[in-house]
Number of protein chains: 2
Amino acid sequence: MKIGLDMMGGDFAPKATVLGAIEAYKVLSAEQKLVLIGDKDATVNILQENNFSPDHFEFVHTTEVIGMGEHPTKAIVQKPNSSISVGFNLLKEGNIQAFSSAGNTGAMLVGAMFSVKTIPGVMRPAMTTIVPKLKGGLGILLDVGANADCKADVLLQFGVLGSLLAESVYGITNPRVALMNIGEEEEKGNLLCQAAYPLMKNTPLFNFVGNIEGRDLFEDNHDVTVCDGFTGNVILKMAESFYVITLKKRFKDEFFERFNYEQYGGSPILGVNAPVVVGHGISSPEAIKNMILLSKDMIETSLIDKIKQAFQ
Amino acid sequence: MKIGLDMMGGDFAPKATVLGAIEAYKVLSAEQKLVLIGDKDATVNILQENNFSPDHFEFVHTTEVIGMGEHPTKAIVQKPNSSISVGFNLLKEGNIQAFSSAGNTGAMLVGAMFSVKTIPGVMRPAMTTIVPKLKGGLGILLDVGANADCKADVLLQFGVLGSLLAESVYGITNPRVALMNIGEEEEKGNLLCQAAYPLMKNTPLFNFVGNIEGRDLFEDNHDVTVCDGFTGNVILKMAESFYVITLKKRFKDEFFERFNYEQYGGSPILGVNAPVVVGHGISSPEAIKNMILLSKDMIETSLIDKIKQAFQ
């Protein structure tokens, strides 16, 4: 197994990515090989500064970097030698089995769709995030920003994608899928939810448990929350701001500690033909390590094959 | 000035509404008269139990009650003798200058639109809520649920309504109006936001400061947050859930204390031809008192006239 990592992605790259790769190496098995994609000299220098042998890794040297603020489609096209573009080429050619980056989210999304491409039958790939539950454990929220506007059948598919992720990678049996809405009853909500509800209610593809509301996100009445990417992104950023507020106010609590993105590593892009994970721009070495381990879990659990089967 | 109060609205009515009316009476002036609309015997009994003279109030006896779970339009039509229906008739006839209730939100919205009607030029009335700011003070969020689906020109109008409320009732000079979105740049967002941004940028009707994201809601970079009612309702309920979590976890903090809905009394319905306020279903006497005072402030500041002028 070869796991690709973008060394140039994230606000603290390449230092944080190198340190994260070292930490991941320590817990990976011998046959789980990390492929470090980026400026080789810079990467090797940081490894040596940390007295860590470069021989533990494979390297693919790249000469360009896609910045955090760059336009995704333009950057992917105009920078073929960037770490993200090269990473996706390696993934497409099968030289690595997963690719992750804490860099430009849009470029990762566009790169995934241009290179390994969307799984046949999947209308729109989705980005996911982890939601800590008040009673312990976690849930999945999707989409969190890949698709600002969605149609009802796309939300139905998000239910399938989220359910498979929850079951395969997070070990949640028969995940309960809920629709984020503004009322409990079937007829409530905007036109999108009104159209999505009957599709989700009647599908044999997952275990639909009905509507939830904003107040239910952290409750144990569901495992997977489905919404359009606009709503999901607002929810995600609002939840992050609450976490930051509790940190600033020095509230110590086990529940709020589980908001820390570092533990989860990043957001899988679901619905493309290979494991792809996008990390938070501010990723620390710990976050990078967990991003690598998440992409490894996606390989090991054959999540992509399961998604392909579901959409056959 | 006559201020109408629905005595039958809310989970703890009529006890909480009577006690709230008593507390409001203590701070109102002699010419600010409360009109108690509901079961007169029950109301008078509770007043007497509290050694408070019924002579301080006017009464309008009603014989029906619209329950919290009833279908709004059906209930308004089928229960003409309900406290909400009678209250809106009094408001329409000019016998009271404001009407507030902690009862069925949908019935309040439908009742307002059927009786005093939407202000000419206003496409869709909106419901608002107060947002506490981290640095102190407060902001306005709208719409929080009256309109699950909105068009861009409706969002533009919400900017006008929110700006006038912030300035008139909450004394915020030249309120900064922001569009809730999923990116800072003009071109970001769903189709609705992409269409609303240029309208808001080019309007002379309020002080537009651009897009904000979910993480900015409690920040001091804007005073009024505009969004569709679906997004606003999800935000509102998520914020409430955070407040409840901090309460349960016994986090004591001035900022979180300002989430307490009791202080704000209720949500004005903006865009109808009279001051109408809807309280939280679980309203306590303190919340009822503040709902009455909010409706009084809406009368005193001539908010409705200002809205009418803006839409002339």
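Chain A and chain B bury about 3300 Å² between them, with 75% of that on carbon and sulfur atoms; buried area here is the accessible area (1.4 Å probe) that two parts lose on being put together, summed over both. This is a predicted model, where local features need pLDDT of at least 70 and side-chain atom pairs count only at pLDDT 80 or more, while totals for chains, interfaces and linings use all residues. Residues are numbered from 1 along each chain as its sequence is written, chains are lettered from A in the order in which they are written, and side-chain values use heavy atoms, leaving out hydrogens and water.

**Where the chains meet**

- The contact (heavy atoms within 4.5 Å) takes 35 residues from chain A and 35 residues from chain B.
- Between the two chains there are six salt bridges, a salt bridge being a side-chain nitrogen of Lys or Arg within 4 Å of a carboxyl oxygen of Asp or Glu.
- On the side of chain A that touches chain B, helix H7 (191-202), helix H8 (229-248) and helix H9 (254-257) of chain A are the elements that give two or more residues; helices are DSSP runs (H or I) of at least four residues and strands (E) of at least two, numbered from the N terminus.
- H8(A) gives the most to that side, with 13 residues.

- Lys237(B) and Glu213(A) join their side chains in a salt bridge (2.2 Å, N to O).
- Glu213(A) and Lys237(B) also belong to a salt-bridge network with Arg215(A) and Glu240(B).
- Another salt bridge pairs Glu240(A) with Arg215(B) (3.9 Å, N to O).
- This pair crosses between chains, from helix H8 of chain A to the loop between strand E8 (207-212) and strand E9 (224-226) of chain B.
- Glu240(A) is partly exposed at 24% relative accessible area; buried means under 20%, exposed over 50%, and partly exposed in between (1.4 Å probe, protein chains only).

**Salt bridges within a chain**

- Over all chains, the count is 30 salt bridges.
- Glu286(A) and Lys289(A) form one of them (3.9 Å, N to O).
- These two residues are about one helical turn apart, because they sit three residues apart in helix H10 (residues 285-300) of chain A.

**Cysteines**

- The structure holds zero disulfides over all chains, a disulfide being a pair of cysteine sulfur atoms within 2.5 Å.
- The sulfur of Cys150(A) is 8.3 Å from the closest cysteine sulfur, in Cys227(A), so the two are too far apart for a bond.
- Cys193(A) is in no disulfide either, its nearest cysteine sulfur, that of Cys227(A), being 8.7 Å away.
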